[in-house]
Amino acid sequence: MDVLVGHATAHGSTRQIAERMAAELRRAGLAARARPMAEVDDADAYEAFVLGSAVHSQRWLTPARAFLRDNRDLLGMRPVWIFSVGMPAALRGPWKRLVTKEIPVIERDLPAGLAYRGHRLFSGVLTPTQLPHTGRIFFRVVGGRFGDYRDWDAIDAWTAEIAAELTHG
């Protein structure tokens, strides 16, 4: 089965997650390829989709939203999983509690009627250079910590669930 692990990334973290997922799906015997969604013009060549985007201001990046919108009919006929990459693990204190409210906000911004089998919010990488000066100050004031917060075990486990569903389901 040909699987597209499509991604939209701002600084590379989401691309690296997508590449890891594609490698894990290949190990499970699937023909998986990680590609930027903005470069996919042959979506109908894939039988299943795992699509992810970096999240900025609780929204997927424009190329990812455009891919979903432009391929809505095709995606409705094939198995689809989505993942978002934000910074929930970098937040502390009362801000950490807001993370559970982020997934519904992200999902409401996706194209209406998009059917998907699962959605995960993973943490990515956040470095000081990714924020403007005032953003860095605010992030530190609210207790945020810069770093690589990707939970590879959680990413691999979810990818294994997808692989099992595609190979046995």
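**Opposite Phe 49 in the sheet stands Val 80 of β5.** The model is predicted: local features need pLDDT of at least 70 and side-chain atom pairs pLDDT 80 or more, whereas totals for chains, interfaces and linings use all residues. Residues are numbered from 1 along each chain as its sequence is written, and side-chain values use heavy atoms, with hydrogens and water left out. Helices (H or I, at least four residues) and strands (E, at least two) are DSSP runs, numbered from the N terminus. Two strands pair if DSSP finds at least two bridges between them. β3 and β5 run parallel and are joined by six bridges. β1 and β3 also pair in the parallel sense, over six bridges. Leu 4 has Phe 49 in β3 as its bridge partner.

**β3 and β4 form a hairpin with two residues between the strands.** Strand β4 covers residues 59-60 and pairs with β3 in the antiparallel sense, over two bridges. His 56 has Arg 59 in β4 as its bridge partner. Ser 57, in this hairpin, takes a positive phi near 55°.

**Strand β3 is largely enclosed by the rest of the structure, because eight of its nine residues are buried.** Buried means under 20% relative accessible area, exposed means over 50%, and partly exposed lies in between (1.4 Å probe, protein chains only). Val 55 lies in this strand, which covers residues 48-56. Is Val 55 buried or exposed? Val 55 has a relative accessibility of 11%, so it counts as buried. Which residues does Val 55 touch, not counting residues up to four places away in sequence? They are Trp 60, Ser 84, Val 85, Glu 102 and Ile 106; a contact here means heavy atoms within 4.5 Å. Val 55 and Glu 165 are 110 residues apart in sequence, and their C-alpha atoms are 26 Å apart in space.

**The largest nonpolar core has 23 residues.** A nonpolar core is a set of buried Ala, Val, Leu, Ile, Met, Phe, Trp, Tyr and Cys residues joined through side-chain atoms within 4.5 Å. The residues with the most contacts inside this core are Phe 49, Leu 51, Trp 60, Phe 67 and Leu 75. Two or more residues come from each of β1 (2-8), β3, α2 (62-70), α3 (72-75) and β5 (80-86). With four residues, β3 gives the most to this core. A second, separate core has 20 residues, among them Ile 17, Trp 81, Phe 122 and Leu 166. In soluble globular proteins, nonpolar side chains tend to be buried together.

**Helix α2 has buried residues covered by several other elements.** Ala 64, Arg 65, Ala 66, Phe 67 and Leu 68 in α2 are buried. The cover of the buried residues of α2 includes β1, β3, β4, α3 and α5 (102-109).

**Four aromatic pairs are counted.** Rings of Phe, Tyr and Trp (its six-membered ring) pair if their centres lie within 6.5 Å; planes under 30 degrees apart count as stacked, over 60 as edge-to-face and the rest as tilted. One of the pairs is that of Phe 49 and Phe 67, which is tilted, at 6.5 Å centre to centre and 55° between the planes. Phe 49 lies in strand β3 and Phe 67 in helix α2, so this pair ties together parts that are 18 residues apart in sequence. Phe 49 counts as buried because its relative accessibility is 0%, and Phe 67 is buried with a relative accessible area of 4%. Phe 83 and Phe 122 form another tilted pair, with 6.3 Å between the centres and 55° between the planes. This pair ties together parts that are 39 residues apart in sequence, because Phe 83 lies in strand β5 and Phe 122 in strand β6 (residues 119-123). Phe 83 and Phe 122 are both buried.

**The protein chain as a whole has seven helices and eight strands.** Along its principal axes, the C-alpha trace spans about 45 × 30 × 25 Å. Of the 169 residues, 47% count as buried. Among contacts between residues at least 6 apart in sequence, 76% join residues at least 24 apart.
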